[in-house]
Amino acid sequence: MQEHDLSFVRVEMAAAQPAPPSERGLGAWIRRNLIASIGDTILTIIGIVLVAMILPQVINWAFINAQWTGTDRTFCATVAQGGIQPDGWTGACWAFVNAKFGQFMFGRYPLDERWRPILIAVLFAALLVPLLIPKVRRKGLNAMLFFGALPILAFILLVGGVFGLPHVETSLWGGLLVTLSLSFVGIAVSLPLGIVLALGRRSKMPIVKMLCVVFIETVRGIPLITVLFMASVMLPLFLPAGVTFDKFLRALIGVSLFAAAYMAEVVRGGLQAIPRGQYEGADSLGLGYWQKMGLIVLPQALKLVIPGIVNTFIGMFKDTSLVYIIGMFDLLGVVKLNFSDANWATPQTARSGLVFAAFIFWLFCFGMSRYSMFTERRLDTGHKR
Amino acid sequence: MASQEILREEPSRGSFINDPKVRGIFFQAVVVIVLVASVWWIVQNTIDNLTRLNIASGFGFLRGRAGFDISDSAIAYSSDSTYSRAILVGFINTLIVAGAGIVTATLIGFILGIGRLSRNWLIRKICMVYVEVFRNIPPLLVIFFWYSGVLAVLPAPRDSYNLPFGSFLNQRGFYFPRAVWGDGSWLIFVALLLGIAMAWFVARKARQRQMATGQQFPVFWTSAALIVGLPLLAYALSGFPLSFDFPQQSTFNLVGGFQVKPEFLSLYLALSFYTAAFIAEIVRAGIMGVSKGQTEAAGALGLRPGSILRLVVVPQAMRIVIPPLTSQYLNLTKNSSLAIAIGYPDLTATTGTVLNQTGQAIECVLIMMVVYLVLSLLTSAVMNVVNARMALVER
Amino acid sequence: MPIHSMRKSVTLRKSEGRILQARPRSALDRTLPALFALLTNFQARLSAIQAFAAIGFQTLSVSVIFLDLTGIIAFDAVREWEAGVPGMGRNGKLRSHGKKSQVRLKKTEKGLWVMKHIAIGILGAAAFGLMASAASAATLDDVKAKGFIQCGVSTGLAGFSAPDDKGDWQGIDADFCRAVAAAVFGDGTKVKFTPLSAKERFTALQSGEVDILSRNTTWTINRDTALGLNFAGVTYYDGQGFMINAKKLPGVNSALQLSGAAVCVQSGTTTELNLADYFKSNKMEYNPVVFEKLDEVNAAYDAGRCDVYTTDQSGLYGIRLTLGSPADHVVLPEIISKEPLGPVVRQGDDQWFHIVRWTYYALLQTEELGITKANVDEMKASDNPEIKRVLGEEADTKIGTDLGVSNDWVVNIVKAVGNYGEMFERNVGSGSPLKIARGINAQWTKGGLQYAMPIR
């Protein structure tokens with residue numbers, strides 16, 4: 001008797017009930033996240049007051065009151081200061097950034113030759129973007145071009161002196177050009193050098209180990225300025241009479257060696273995290289030292305320390321700004337240099353220039369850190385504890 | 001057995017070159033030769049260059065009269081002092097700015113780090129924006145921002161901002177009244193020391209008692225009363241010997257009082273704000289590294305939330321936090337050498353000036369490197385001791 | 001005996017005592033020379049190593065260390081690959097992994113090998129491309145070989161050496177380098193300028209990075225002797241002065257009223273030392289605000305961080321032009337120091353030193369004789385034997401060739417930059433925005449200090 005069958009089998013799922021109104025919508029969100037308790041409410045009020053104090057001012061300064069165009073200081077100075085703005089005006093002087101934009105990017109690189117850094121920048125971007133997108137194929141060729149062909153081409157184009165290109169001295173380079181080329185070379189040199197140092201520090205050869213430890217600990221113990229100082233003041237004394245280095249190359253050596261020491265410590269952390277079994281397994285396969293390291297250990301170790309490596313890159317990118325102190329004009333240096341231009345001297349100039357420089361630096365560093373997080377997730381094979 | 005015989009056979013080597021031991025020795029020998037040769041070459045070049053340029057080597061120049069003035073000095077210094085004194089002034093300035101920076105950065109960093117884990121959405125976001133902004137711009141830029149962007153555009157001394165307690169703020173810095181200690185004020189310091197000693201003693205006794213009997217003693221309030229109360233008592237007893245020297249307007253500047261120069265102020269603020277962002281991240285990672293089970297277990301034991309944080313979470317988090325915190329402290333100390341960009345006379349700046357005046361490049365750079373190195377090693381040694389005491393004792 | 005003088009005599013005796021005793025020396029003071037001596041002693045015995053080092057390094061310098069390391073690694077990897085290490089390599093003994101992995105391994109290694117060689121190539125190219133080489137002893141030969149003079153100038157000081165809108169360096173100091181280039185090459189444009197900060201300038205000259213330092217540098221005995229430099233002459237007699245903002249500080253018209261002021265000054269200069277001495281000797285207080293770079297000092301003064309700006313008076317006039325409102329600022333009358341500014345060369349190369357020194361005298365002599373850029377060709381035909389001699393028109397003259405340049409060197413100099421007077425007026429005098437009077441920089445015949453040694 002089918003009608004009296006008491007066994008009941010549900011064949012379809014009951015429709016999900018909506019959450020109760022008290023747990024739904026904006027109100028609940030606010031209750032949960034902003035006013036969960038008395039302390040929380042007080043904090044929220046403090047937060048709102050802080051934001052209300054800072055945000056409108058910043059927006060006002062950077063956008064609403066900002067002076068976007070102009071040809072000299074009068075556009076960014078108040079009447080009392082000899083300009084056209086009403087008294088009591090404060091706003092960003094983007095006109096200054098606008099007028100000096102070329103300098104901020106290329107320093108004193110000759111105007112007629114600026115197509116060269118621009119071309120390099122375009123090539124750089126064109127090669128970098130496909131390299132960063134995992135889906136694009138032919139990574140090997142791309143990497144070869146990026147790390148092999150591009151630096152040579154960039155060197156020839158930027159320095160000049162061959163193929164009828166006029167020679168451009170490195171003392172004329174400046175702005176973002178210097179920042180980026182210093183960082184690119186620094187990154188390209190410090191990573192392999194750091195790996196070599198890290199391997200040396202974990203080597204069984206006592207002398208090699210000692211040398212690496214001394215180098216790494218010394219460099220990590222002193223400020224970059226001292227290293228740069230040494231490169232600019234002491235290096236000439238160490239070389240035979242008459243042999244000199246380009247200032248740019250000196251800074252390059254200083255920055256790269258400095259970053260290499262930090263890189264070595266990061267890589268060492270990765271090497272230590274690889275279980276002994278991996279080393280022993282490689283040995284039992286009969287792999288030589290470099291094969292063991294290059295094919296088994298380093299690929300795993302480097303993957304583990306990607307965040308650390310990128311952090312070192314970011315640190316180095318920021319540290320390139322220190323070359324200003326030894327008289328080279330990177331992005332920050334050029335911005336700073338232009339504060340003393342009487343044509344633009346207003347109370348707002350320094351602030352605007354620095355905020356602009358900060359924005360550029362921030363863009364690069366933030367981009368790098370986000371990309372590293374993305375890579376970390378992509379390479380995560382689930383072996384991590 | 002045949003297979004055993006094969007195993008006992010000498011391993012068939014392609015050649016003597018492939019023996020790892022031989023290779024190791026050969027490689028090290030090459031490294032040593034290259035190293036010795038390059039050191040040799042450098043020393044030779046340096047000697048040649050120095051004799052050719054007629055530069056005397058040695059540290060004898062340190063006893064010479066400096067001849068230049070230093071704007072900010074914690075110890076007595078005039079242009080008649082020696083070069084070594086000038087370097088010492090710089091060194092002390094480095095210590096001051098690094099010490100002050102470390103304290104402030106830790107404070108802000110902990111607040112931000114805890115803020116990033118707050119259940120309050122707004123606070124979380126504010127802290128995140130702060131950290132993401134400051135972590136991604138160069139410290140030098142932050143210093144310039146404070147110096148050229150904020151402090152340089154303050155009003156001239158003539159129309160300084162008047163702040164409470166007779167303090168002033170203008171583009172020449174921050175002025176506040178200086179305490180002038182009269183006769184008998186030594187009693188106050190003695191009382192303060194006594195208070196601290198007694199507070200420490202009370203805390204020890206209280207802990208012992210709690211261990212033995214489980215009874216608690218209000219250590220905090222007793223200590224506060226001792227440390228604040230005793231000096232106050234001494235102050236009253238010695239007849240109120242404290243007076244204040246207030247800053248006054250004069251032709252050029254404010255005179256009197258205590259002046260904090262904008263160079264120091266911007267360096268200190270920039271270092272604190274910049275490093276705080278990193279410390280915040282470390283603190284966050286540390287707290288997140290303590291597993292939730294620990295909190296829950298503590299709760300199950302009946303501890304209150306405050307006690308859970310103080311007795312269970314923080315001690316465990318500190319173990320994760322201390323090593324990276326050490327390197328941040330070292331970074332801050334090293335970053336203080338950026339003072340040279342805004343003219344604060346720290347070690348790098350004064351040694352640089354000495355280098356310039358004497359031309360003794362090698363000696364001066366050597367002094368600089370050794371001092372920073374010793375400072376770094378000392379800091380990490382101290383933190384290693386702290387770390388060892390904090391470390392998990394595994395059974 | 002009054003206490004005051006008694007104390008003085010005591011200190012005197014104390015210092016005498018110190019002289020009588022052996023001069024106290026620090027431990028480092030003693031060990032460093034000893035160490036150097038030891039190493040020099042070793043030199044004879046280990047000449048073979050040194051020779052190796054010399055061959056190895058003179059060509060590649062620092063990068064050789066680098067190359068060596070990379071080279072060894074590459075060598076190692078390639079050897080291992082070629083030797084056919086068991087289980088790996090091209091013999092393909094590793095059966096379990098199948099053929100595909102073999103090929104891939106081979107490819108990776110080959111790729112690694114190629115990458116390493118590319119890296120070596122780049123490093124080598126960079127090192128060669130950027131490393132400039134200058135002569136040790138014979139600067140003249142070296143300058144002739146490279147075809148231009150490397151001239152160290154300031155990072156920008158109006159009237160002395162500052163880049164104009166097109167990036168060409170202008171000013172007395174820059175023109176002086178052009179004059180030397182004209183004497184050497186007959187072409188005043190064969191100069192390259194290197195801007196140097198006060199801190200870098202001497203090292204740059206000592207290391208051969210620049211051939212002449214023509215950068216408003218004060219001639220002092222210390223620099224002449226202890227730093228291994230030679231001053232070739234005084235192209236501008238200067239003195240240190242003070243500048244204040246008269247609008248903000250009405251009523252201040254003498255440096256003696258500056259007690260308590262904040263003074264902006266560039267660090268590592270004689271200016272800094274003179275400042276300390278002046279205030280000390282006049283028993284005045286001041287507050288130094290010190291910066292590394294000139295433009296930082298300018299910015300700080302303009303922003304009002306300090307009340308007073310001090311540097312060489314000529315510099316003050318130049319800097320005033322770059323300030324927000326030049327009319328507000330006045331240069332105070334006091335001159336507190338002697339600042340003879342002139343070109344500097346390295347010690348130990350007399351020929352080069354003479355060329356620079358006599359270029360300077362030629363500039364003065366031509367002014368004294370009335371030879372200008374405009375009339376130099378007419379003057380060649382002059383009857384005045386002195387003019388003929390100076391311009392190299394005398395029969396069988398050897399004045400120029402003895403100096404190491406051509407005989408018409410003076411003509412070349414004047415054609416390139418004019419005589420000293422023209423150079424002065426064009427860059428800092430009436431023909432410039434600075435409008436500085438000749439003053440003590442006039443010829444000796446007009447009551448100034450500029451006096452040329454006879455060219456004969």
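**Conventions.** I number residues from 1 along each chain as its sequence is written, and chains are lettered from A and ligands numbered from 1 in the order in which they are written. As the model is predicted, local features need pLDDT of at least 70 and side-chain atom pairs count only at pLDDT 80 or more, while totals for chains, interfaces and linings use all residues.

**Chain C, overall.** I looked up the secondary structure and found 18 helices and 14 strands in chain C. Helices (H or I, at least four residues) and strands (E, at least two) are DSSP runs, numbered from the N terminus. Of the 456 residues in chain C, 42% are buried. A residue is buried if 20 or more other C-beta atoms lie within 10 Å of its own, exposed if 12 or fewer, and partly exposed in between, with C-beta atoms placed from the backbone. I then took the contacts in chain C with a separation of 6 or more; 71% of these join residues 24 or more positions apart. A contact here is a pair of residues whose C-beta atoms, placed from the backbone, lie within 7 Å.

**Chain C, sheet.** I traced an open sheet of five strands in the order E11-E10-E12-E9-E13 (chain C), with mixed pairing. Strands E11 (286-291) and E13 (329-331) of chain C are the edges, each pairing on one side only. Neighbouring strands of this sheet are turned by 30° against each other on average, direction ignored. Two strands pair if DSSP finds at least two bridges between them. Strands E9 (residues 240-245) and E12 (residues 308-312) of chain C are antiparallel, with five bridges. In this pair I find Met243(C) opposite Tyr309(C) in E12(C).

**Chain C, helices on the sheet.** Helix H12 (residues 313-322) of chain C packs on the sheet and touches E9, E12 and E13 of chain C; its direction makes about 125° with that of E12(C). Helix H11 (residues 294-302) of chain C lies across E10 (261-266), E11 and E12 of chain C, at about 160° to E10(C). For these angles, axes are lines fitted to C-alpha atoms, for helices over the stretch in contact, and angles run from 0 to 180 degrees between N-to-C directions.

**Chain B, strands.** I followed E3 (residues 173-176) of chain B to its partners. Strand E2 (residues 167-170) of chain B pairs with E3(B) in the antiparallel sense over three bridges, and the two form a hairpin with two residues between them. Phe168(B) stands opposite Tyr175(B) in E3(B). E3(B) also pairs with strand E8 (residues 258-260) of chain B, antiparallel, over three bridges. There Phe176(B) is opposite Phe258(B) in E8(B).

**Chain B against chain A.** I counted 46 residues from chain B and 47 residues from chain A in the contact. On the side of chain B that touches chain A, the elements giving two or more residues are helices H2 (20-53), H4 (121-135), H5 (139-151) and H12 (361-390) of chain B. H2(B) gives the largest share of that side, twelve residues.

**Chain A.** The domain assignment gives domain 1 (21-64) and domain 2 (97-109 + 168-379) of chain A; the bounds come from an automatic or database domain assignment. The C-alpha centres of these two domains of chain A lie 40 Å apart. I also checked Thr375(A), which lies in helix H15 (residues 347-379) of chain A. Thr375(A) counts as partly exposed because it has 16 C-beta neighbours inside 10 Å. From Thr375(A) to Val323(A) I read 52 residues in sequence and 31 Å in space, C-alpha to C-alpha.

Technical notes: Contact = placed C-beta atoms within 7 Å.
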